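Have a look with me, and I will jot down what I looked up as I go.

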Amino acid sequence: MKIVFMGTPPFAAASLDELIKAGSEIAGVITAPDKPAGRGQKITESAVKQYAVANGLRILQPTNLKDPEFLAELRSLQADLQVVVAFRMLPEEVWNMPDKGTINLHASLLPQYRGAAPLNWVLINGEKESGVTTFFLKHDIDTGDILFTEKVTLTGHETAGELHDRLMNKGAGLVVKTVKAIESGRYNQSPQTTQIPEDVELKTAPKIFKEDCNINWNQPAENIYNFIRGLSPLPTAFTQLNGKTFKIYRADCQLAQPGIQPGGFLTDNKTYLKFAAQDGFISVTDVQLEGKKRMAIEEFLRGVKL
């Protein structure tokens with residue numbers, strides 16, 4: 001079975017690697033165009049492109065997925081199946097092209113947390129479990145028929161970065177399992193409408209912008225704790241300290257009567273800095289002040305007096 005793989009970041013490259021190791025025939029790889037990144041704005045290739053180059057795979061990098069030349073080239077690959085992992089939204093003429101359809105890997109237990117940022121929102125909302133889902137693409141985003149799911153239990157302490165790595169590896173295995181099932185014809189597909197109990201609220205995972213990351217200290221401490229870990233390491237929760245943006249990557253939650261206004265802080269200027277919440281404190285442990293590098297709180301306090 002000939003496969004066209006579509007993806008961009010390391011999360012997708014892991015799935016491509018597993019497909020190669022499993023012996024799948026990759027007819028072509030579609031990934032994002034090279035673009036400038038970092039302070040020096042050096043032209044950078046996506047993780048998927050780097051992997052494809054290293055493994056001698058054919059690469060297409062369209063800027064417009066509806067461009068007739070791209071569509072003709074994609075059609076010439078004669079894929080039986082397309083596999084999409086962490087790529088952009090596809091027009092119907094692309095996802096409807098192969099005989100066996102196009103499957104997508106999503107980093108949540110669909111139909112919960114449809115959208116661009118499931119890894120973040122599942123932690124922000126304090127969920128007890130997450131996972132990965134493979135499904136067939138259709139018109140509306142993340143709504144196609146479900147093929148397979150794999151669950152993971154959440155500890156209540158992991159960051160989005162740590163969950164990313166767990167689901168990246170779990171998802172890569174699920175992609176291979178799904179492809180093998182389609183190849184053999186031994187699979188069932190379930191409409192997502194049948195997966196939604198009447199008394200369960202569907203939660204979404206919209207894209208998170210910088211302005212969404214400002215911490216509201218007038219909340220329960222546990223909510224703020226989940227907010228911080230759900231945005232770490234990116235796009236990163238922040239507050240204001242000494243008139244500058246203060247990013248918080250890790251923190252501990254302490255329930256107590258704060259005795260000071262939410263957003264106020266206590267410190268010994270040596271080992272701890274904790275901000276008051278509605279019903280306790282957020283003790284920050286891994287931080288970055290605007291214009292400085294990321295560092296542990298003890299190192300930060302050695303250079304700044306509050």
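**Entry 1: a threonine in a loop**

I began with T31, whose side chain is joined to that of S46 by a polar contact of 2.8 Å. By polar contact I mean a pair of N or O atoms within 3.5 Å; within protein, one must be able to donate a hydrogen and the other to accept it, and residues adjacent in sequence count only if both atoms are side-chain atoms.

Before going further, I noted that this is a predicted model, where local features need pLDDT of at least 70 and side-chain atom pairs count only at pLDDT 80 or more, while totals for chains, interfaces and linings use all residues. Residues are numbered from 1 along each chain as its sequence is written, and side-chain values use heavy atoms, with hydrogens and water left out.

I found T31 in the loop between strand 2 and strand 3 (35–37). Helices (H or I, at least four residues) and strands (E, at least two) are DSSP runs, numbered from the N terminus. Is T31 buried or exposed? T31 is buried, because its relative accessible area is 0%. My cut-offs are under 20% relative accessible area for buried, over 50% for exposed and partly exposed in between (1.4 Å probe, protein chains only).

I then listed what T31 is in contact with, leaving aside neighbours within four places in sequence: G7, T8, S46, V48, K49, I59, L60, Q61, P62 and F87. Contact here means heavy atoms within 4.5 Å.

**Entry 2: the whole chain**

I stepped back and counted eight helices and 15 strands in the protein chain. The C-alpha trace spans about 65 × 50 × 30 Å along its principal axes. Of the 306 residues, 46% are buried. Among contacts with a separation of 6 or more, 64% are between residues 24 or more positions apart.

**Entry 3: helix 1 and its partner**

I looked at helix 1 (residues 10–21) next; its twelve residues reach 16 Å from first C-alpha to last, close to the 16 Å expected at 1.5 Å a residue. That expected span is 1.5 Å times one less than the number of residues.

Which residues of helix 1 are buried? I noted F11, A12, A13, A14, S15, L16 and L19. Their cover includes strand 1 (2–7), strand 2 (25–30), helix 2 (47–54), strand 6 (81–85), strand 7 (102–106) and helix 6 (160–184).

The contact is made by P10, F11, A14, S15, E18 and L19 of helix 1 and by H164, L167, M168, G171, A172, V175, V176 and V179 of helix 6. After helix 1 comes G23, with a positive phi near 90 degrees.

**Entry 4: helix 3, end to end**

At the start of helix 3, I saw a side-chain oxygen of D67 reach to within 3.0 Å of the backbone nitrogen of E69. The buried residues of helix 3 (residues 68–76) are F70, L71 and L74. Seen down the helix axis, they fall within an arc of 100 degrees, so they line one face of helix 3. The arc is that of the directions from the helix axis to the C-beta atoms. On the other side, P68 and E69 are exposed.

The cover over the buried residues of helix 3 includes strand 1, strand 2, strand 5 (59–60), strand 6 and helix 4 (92–95).

A reminder to myself: most residues other than glycine have a negative phi, and most peptide bonds are trans.

Q78 is exposed, with a relative accessible area of 56%. D142 is not a glycine either, yet has a positive phi of about 60 degrees. I placed D142 in the loop between strand 8 (129–136) and strand 9 (146–153), and D142 counts as buried at 7% relative accessibility.

Where are the cis bonds I noted? One runs from S232 to P233, with omega near 5 degrees, and another joins L234 and P235, with omega about 0 degrees. P233 is in the loop between helix 7 (221–230) and strand 10 (237–241), and P235 is in the loop between helix 7 and strand 10 too.
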